[in-house]
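Subject: Structure handover and notes

Dear colleague,

I am passing on the structure below, followed by some notes on what was found in it. Please read them with the model open beside you.

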Amino acid sequence: MQWNGHEVDTQGDAFFVSFSRASDAIACAMATQRALASHDWPDGVAVRVRMALHTGEPMISDAKYVGMDVHVAARIASAGHGGQVLLSQSTQSLVRDDLPPGATLRDLGPHELKDIRLPQQIFQLDMAGLPTDFPALRTLASAPHIPPHNLPARATALVGRERELETIRELMLEPETRLVTLTGTGGAGKTRLALEAAAALLAGFRDGVFVVDLSSVADPGLIASAIAQVLGLRETGADPALESVKRFLKSRQVLLVLDNFEHVLPGAAHVVDLIASCPRLKVLATSREPLHLQPERDVPVHPLAVPDLRRPQAAAALGEWPSLALFVQRARMAQPDFMLNEQNARSVAEICVRLDGLPLAIELVAARIRVLTPAAILARLDPQLTFVRSGEKDFPRRHRTLEATIDWSYKLLSSKEQTLFRGLAVFAGGWTLEAAEAVSDVNELNVLDGIDALLDKSLLWRDTQPEAEPRFGMLETVRAFARHQLEAEGELETTCRRHAAHFLTVAERLDSELLGPRQTASLDVLERELDNVRAALEWSEDADRVTGLRLASALWLFWFLRGRLSEGRGRLEGFLATAEASRNARAKALFAAGFLAQSQGDYDAALAMHQESAAIYRELGDRAGIGLALFGLGRVAYEQGKPGAARELLDESLTIAREIKDETAIGLRVTSLANAALDASDLARARALFDEGLSRWRRLGGRQGVAYALSGLGDVLRAEGDVAAARPLYEEALAIQRGLGDRANIPITLRRLGFVTLEQGDIPAASAYLEEALILSEGLASRSGLATSLEAVAALAAKTRPSEAIRLAGAAAALRDARGAAAPASWRTEIAQRLAPALRAVSRGARLAGWAEGRSMTTENAVACATTTARAIASEAASRTDVTPLTPREREIVALVAQGLTSRQIAEELVVTERTVDTHLEHVRGKLGVRSRAQITAWAAASGILAQR
């Protein structure tokens, strides 16, 4: 217990130990490594142990620590080598200024770790007298570069599509080709072919390949939202989702796979708009019919080739036909020892011919090989192919063939399996076992066994992610058939009602968890179920608007935190206009809609909705509701630049929260009130409130709240003039935010760090922080955030580039005017002080002209101007320092990185291995104290390396 440590768990030869303080963990690691190195091991053997230190807030379950922080620590440890001690960003920020004698830290840069969503910044603890040179970390980033993508793993090889794959590849490699559409009947294999083609093209799209499934998107207006969701874009301003997507993709080399476009054909104009706005974007779509767009190249996807039964062929020759090869492949999945031979080849060939070579139909039938021989399948299949629904005689023959095949499989199910199969059709985007059990109405049938039986018959698919609950679903063609059967049996209405009720229960249960220790997990659950939520909301619009109102209200924090402001607000306002809900439900919905309207900068609407919500809650005597509505009103007042009114409203809201002992509400209101106090320069009260908020959020497990309070305390310290003490608080907050993927708040913290480093005289670092904040703000489509970042760069430029500073300030003012929101008073004061040198440096006429020029800039031009200015300032600062820490080879590699070359291209240019290049880049990151290629590029420009080359 020398270092206040506690052994939590052991696995094999690994130990998991917790410490009260990060500094204790450092001391223990150093002492242990020195003891291991100095010990006289028998036979001259050297025992080397790798260690990782990570600071977080794990949860306790069955006397063990669990949660994402435990996984992060384990993954960092597994990346190291014997004798190496690695630290996470959160630990580094706590110990960097108080290291034991003989210890230093080396920044190894960001690394991708298995099963961890976001890259982790990793540091190495160097100890005097012990080895400090180790091989490259064993992380995903040390492998050859693979562009980002969301392509699913391929369980089987693609059969018989070599010609189509080559056609798609050739088209996509043509510079003038921007849109390729794979068209064909349902079940022809368009999706499978598109995914295979996308995987083959992955290396050619530096910024990634992303699949967007549109099968569950009923509204063409949500195409852009579906794309934004896949790209990870978060709506934080009033800009439409399409504008956010265009801004993100404008300069990126990306392939978008838009699957099942036939559901949203009226929205095809969005694709043309995207292609026109994003010159390096290419689109691969699948649809049952062409999109009929000018740049479209249509590639028909026909069924697989089938043999001519009039010509006798041996089993070996028949097996070469793609349709039979697919049958054999899928049959072996059901019966591994299945083989095509002289006895069964003719029957298999006839089956494939009868099924027109349709891949989906072949897969469904082949799944029956476990219980039926090919001859038995053929005998049972033959009469069913005459099935055609009445009234659909004009249905294309291949559609009738597929429908008949699904119907054949359906009729072979037991009656209870048929009931289960029909009921599952209400799900959109898949389901969990829990959801299936809640929605299905099958007596005396174990739902798990029923799903297993449907999986066996290839009527369902299963998607299993590591450490996640299995998820099930139907191909869209199968789902359409099942839904038709559900409607024909008169079960659609009751099943949809159970479906909506289940997801209302889920949403209301998770509503209370979205600010606690399960925040990320709960948000991820709702994200996975978004298609089901949308389906429930759309059903509610016609059938049960009260349920719809409650469901949309329960999701208010989800709509906000995951950036779906317009969608959430639109749903809520639609239900509010017509739903005859209880007074309590209406008041909650008004608050939710008002909160989202305020987040979009629509303060008049937000104010009206919060006022009506408060009136209803007062009428009901609901103290918790009154406090909630006052919280909303206080936030509106604060963002409108009315600190006095904001403090009064938030004070009353906090008093109510303390009265009813709602810990989460207290945490929210304390930190909001602390900001209002800071805005009014009441530093003592702001510090007390932020301290209380930090303590509460740590106890509640709300990491986002912890980061918010830490940043607030940094603001207080900076206002008091203690810049050195503020910096580690900002760095710790940034580490938490990066770990959470909190893209809304990362730019805010980067701006704070930019000003701190500016005040400390580190101009290149300040420029890098503010440039990153600017780029992230632009990607978030937040007008107020972008205006703030432009003002921050203007402040950076005030002393050395006054004209640019004035123009950027004018551009920011135009953005604020368009949004109708003033900045908080403390920010306005700080920016005015920082811009004062620029205003003094130019004449009144030049000030007015520069301001007008800035106000007339487009957003894109303003961002470009700010980026150029930040880099120029960094370059000027770096030019005043002629000492570079890099070796000649490292400088050469940095110059090539700055020219946009990948590690592989640099290796080819210098005739070295890619691993050698990556090792040099790790050394460069450590010496320069940078993390990304963009920061290396900025340093290269500032240092003059490019000009020298």
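A residue is called buried when its relative accessible area is under 20%, exposed when it is over 50%, and partly exposed in between (1.4 Å probe, protein chains only). This is a predicted model, in which local features need pLDDT of at least 70 and side-chain atom pairs count only at pLDDT 80 or more, while totals for chains, interfaces and linings use all residues. Residues are numbered from 1 along each chain as its sequence is written, and side-chain values use heavy atoms, with hydrogens and water left out.

Salt bridges (a side-chain nitrogen of Lys or Arg within 4 Å of a carboxyl oxygen of Asp or Glu) number 49 in the structure. One of them joins K246 to E243, at 3.1 Å from N to O, and both residues lie in helix α7 (residues 241-249), three residues apart, about one turn of the helix; helices here are DSSP runs of H or I with at least four residues, and strands are runs of E with at least two, numbered from the N terminus. E243 is partly exposed, with a relative accessible area of 31%, whereas K246 counts as buried at 13%. Another salt bridge, between R871 and E771, has an N to O distance of 2.7 Å and links distant parts of the chain, since R871 is in helix α39 (residues 859-879) and E771 in helix α34 (residues 763-780), 100 residues apart. Here R871 is partly exposed at 37%, and E771 is buried at 8%.

Turning to the strands, an open sheet is formed by five of them in the order β10-β11-β12-β9-β13, with parallel pairing; two strands pair if DSSP finds at least two bridges between them. β10 (209-213) and β13 (296-300) stand at the edges with a single partner strand each, so one side of each has no neighbour in the sheet. Strand β9 (residues 179-183) pairs with β13 over five bridges, and L182 stands opposite V299 in β13.
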